[in-house]
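Work through the following exercises with the sequence and the coordinates open side by side. Each task is followed by a solution that goes step by step.

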Amino acid sequence: MINKWWCYNFTRVNENTLNDNVLYNNYINKLNSWIDALENHIISDDLDNDIKLQTLYSSLLNNYLTKLLSNFNKLDIKDEDTIPDETTICKFRLALIKEELLEDIFNQVKTMMEEKRLILNEGTLVDATLIHSSEPKKKRDDKGDVISNEAYDKDATYTSKRVHKHHGLKMHISTDTNGVIKDVIATTAKTHDSTQFETLTKDEKKAVFADSGYMSKERKKKLREDGIFGGIVERRVRNQSKLRDKQTRNNKRFAKIRSLVELPFAFIKHHMKFRETRYLGIDKNQQHFYLLAVCYNLRRIPNLIKTSG
């Protein structure tokens, strides 16, 4: 819902306007018309050209809204109206993060998709990806002695993957079998992928799919006891020279389904250009991850509606 605080911060109207019920209602109606138009545009096929609008970082947002004047007559924006500029959008975004409202937005979008049956109830896929953060830089005094070697983000840590060193955070997600994000968690980079498995799959009752990094005898046993199908790719254990034929066949089946969890990462990193953290600390980045997940899910809606008939 649009309230007076939102109206004041988003349009920079003065208090006299807010106290005037007629003027206030006019602003509310106008803002709602903007939001309706933006929502219709966000789920359109033209999203790739305006992807920065989703993450609310584009310095061209002011020009973008101005362009909407000529494209959407129903906005009823006049020349004398105040269109939010980059600073206003930035402050609004920071307010959302501070109040942790982006998680609520993510949950509301997910609930709406569940009600429309756009999220499948056929299993949960889990995976994680590394998000780079600026590395520590050595600071020296006048004599050349190192006086500091700390990163700006105290929550960012180092980890190794395929021999390469990485510094930053880690994004853990769970999706349905169509690749729609159902949950997202931010941790430091050195946190092992499997530590978030139970949290990401807590509501799953049918099946889970994951790569070999999530494999453990205890987890496999627990899934079997709960009547949940365990589609976790298996790897060789100690004293096992090679996988059994059955394990190899199952791994091929599981890998084909599990690979769909990579779709959100590919879209977020390559299309949304999100390869490096934009905030300091896990808490702020957690809220940002919710925003990215919302944008990705909204982008999927048109195709999901088409395929569902």
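**Exercise 1.** In which sense do strand β4 and strand β5 pair, and over how many bridges?

Solution. This is a predicted model, in which local features need pLDDT of at least 70, side-chain atom pairs count only at pLDDT 80 or more, and totals for chains, interfaces and linings use all residues. Residues are numbered from 1 along each chain as its sequence is written, and side-chain values use heavy atoms, with hydrogens and water left out. Helices (H or I, at least four residues) and strands (E, at least two) are DSSP runs numbered from the N terminus, and two strands pair if DSSP finds at least two bridges between them. Strand β4 (residues 157–161) pairs with strand β5 (residues 164–175) in the antiparallel sense, over 5 bridges. Lys161 has His164 in β5 as its bridge partner. The hairpin has 2 residues between the strands, and Arg162 takes a positive phi near 50° there.

**Exercise 2.** Describe how α7 and α12 are placed relative to each other.

Solution. Axes are lines fitted to C-alpha atoms, for helices over the stretch in contact, with angles from 0 to 180 degrees between N-to-C directions. The axes of α7 (residues 102–115) and α12 (residues 282–308) come within 8 Å and cross at roughly 20°. That makes the two helices roughly parallel, a class for angles under 35 degrees. The contact residues divide into 13 nonpolar, 2 polar and 1 charged, where Ala, Val, Leu, Ile, Met, Phe, Trp, Tyr, Cys and Pro count as nonpolar, Asp, Glu, Lys and Arg as charged, and the others, Gly among them, as polar.

**Exercise 3.** At what angle do α11 and α12 pack?

Solution. Helix α11 (residues 262–271) packs with α12 at an angle of about 105°, their axes being 11 Å apart. The pair is therefore roughly perpendicular, the class for 65 to 115 degrees. Leu263, Pro264, Phe267 and Ile268 of α11 make the contact with Leu292, Tyr296 and Arg299 of α12.

Note on methods:
Angles under 35 degrees count as roughly parallel, over 145 as roughly antiparallel, 65 to 115 as roughly perpendicular and the rest as oblique. Contact means heavy atoms within 4.5 Å.
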